Amino acid sequence: MRILEKNKLEYTHYTYECEEFIDGLQIADLLGFPYEKVYKTLVAVGTSKNYFVFVIPIAKELDLKKAAKAVGEKSMQMVHVKDINDVTGYIRGGCTAIGMKKQYVTKVDISAEGLERIIVSGGRLGSQMELAPEDLLKAAHAQYADITV
């Protein structure tokens, strides 16, 4: 959120009670958000051993073949949950594409392009933020790509 404020990007912050990881569908239900508007952040590693970040709708799955093609990799696999914090600086359930330890190549599913606002993690458990998809692209240095099943 500090990065968004520093870049003068408008967002709305939402909080909810959360002691441990709950999935995006449960968060959307808890906060009363339509599933199409809520996005999750996933991290994968390519055959090159480079890490990549993908932001996709919570009710969809990442297509690893499309994702690999979108970033110029031969193939890729999801990063193991136990490695998320080391790679991103965030914990599972609180991972967002903005402000990771390093700037990884980031792709946002093309479905966000037509939306006025989307909701993504606020960078910790119990925190979500709503912003324009274009502002997410700016803050995360991301591009759109067709990456879901």
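Which backbone nitrogen does the side chain of Asp23 reach at 2.9 Å?

Modeller: It is the backbone nitrogen of Gln26. Before we go on, please keep in mind that this is a predicted model, where local features need pLDDT of at least 70 and side-chain atom pairs count only at pLDDT 80 or more, while totals for chains, interfaces and linings use all residues. Residues are numbered from 1 along each chain as its sequence is written, and side-chain values use heavy atoms, with hydrogens and water left out.

Now to Asp23 itself. It sits in the loop between strand S1 (11–15) and H2; helices (H or I, at least four residues) and strands (E, at least two) are DSSP runs, numbered from the N terminus. Helix H2 covers residues 24–31, and at its start a side-chain oxygen of Asp23 comes within 3.1 Å of the backbone nitrogen of Leu25. Asp23 counts as partly exposed because its relative accessibility is 31% (buried means under 20% relative accessible area, exposed over 50%, partly exposed in between, with a 1.4 Å probe and protein chains only).

Let us follow the chain onward. After H2 comes Gly32, which has a positive phi, near 75 degrees. Further on is Lys37, whose side chain meets that of Glu130 in a salt bridge (2.7 Å, N to O). This pair links distant parts of the chain: Lys37 is in the loop between H2 and strand S2 (39–46), Glu130 is in strand S7, and 93 residues separate them. A salt bridge here is a side-chain nitrogen of Lys or Arg within 4 Å of a carboxyl oxygen of Asp or Glu. Lys37 is partly exposed, at 24% relative accessible area, whereas Glu130 is buried, at 8%.

Strand S7 (residues 127–131) runs antiparallel to strand S6 (residues 118–121), joined by four bridges; two strands pair if DSSP finds at least two bridges between them. Ile118 has Leu131 in S7 as its bridge partner. The hairpin of S6 and S7 has five residues between the strands, and there Gly123 takes a positive phi near 100 degrees.

Asp63 lies in the loop between strand S3 (51–57) and helix H3 (64–71), and a polar atom of its side chain is 3.0 Å from the backbone nitrogen of Lys66. Asp63 is buried yet has no salt bridge, and Lys66, the nearest side chain of opposite charge, is 4.6 Å away (Lys and Arg count as positive and Asp and Glu as negative; His and the chain ends are not counted). Leaving aside residues up to four places away in sequence, Asp63 touches Ile147, Thr148 and Val149, where contact means heavy atoms within 4.5 Å.

Strand S3 runs parallel to S5, with four bridges joining them, and Val53 is partnered by Thr106 in S5. Four of the five residues of S5 (residues 105–109) are buried, so the strand is largely enclosed by the rest of the structure.

Methods. A polar contact is a pair of N or O atoms within 3.5 Å; within protein, one must be able to donate a hydrogen and the other to accept it, and residues adjacent in sequence count only if both atoms are side-chain atoms.
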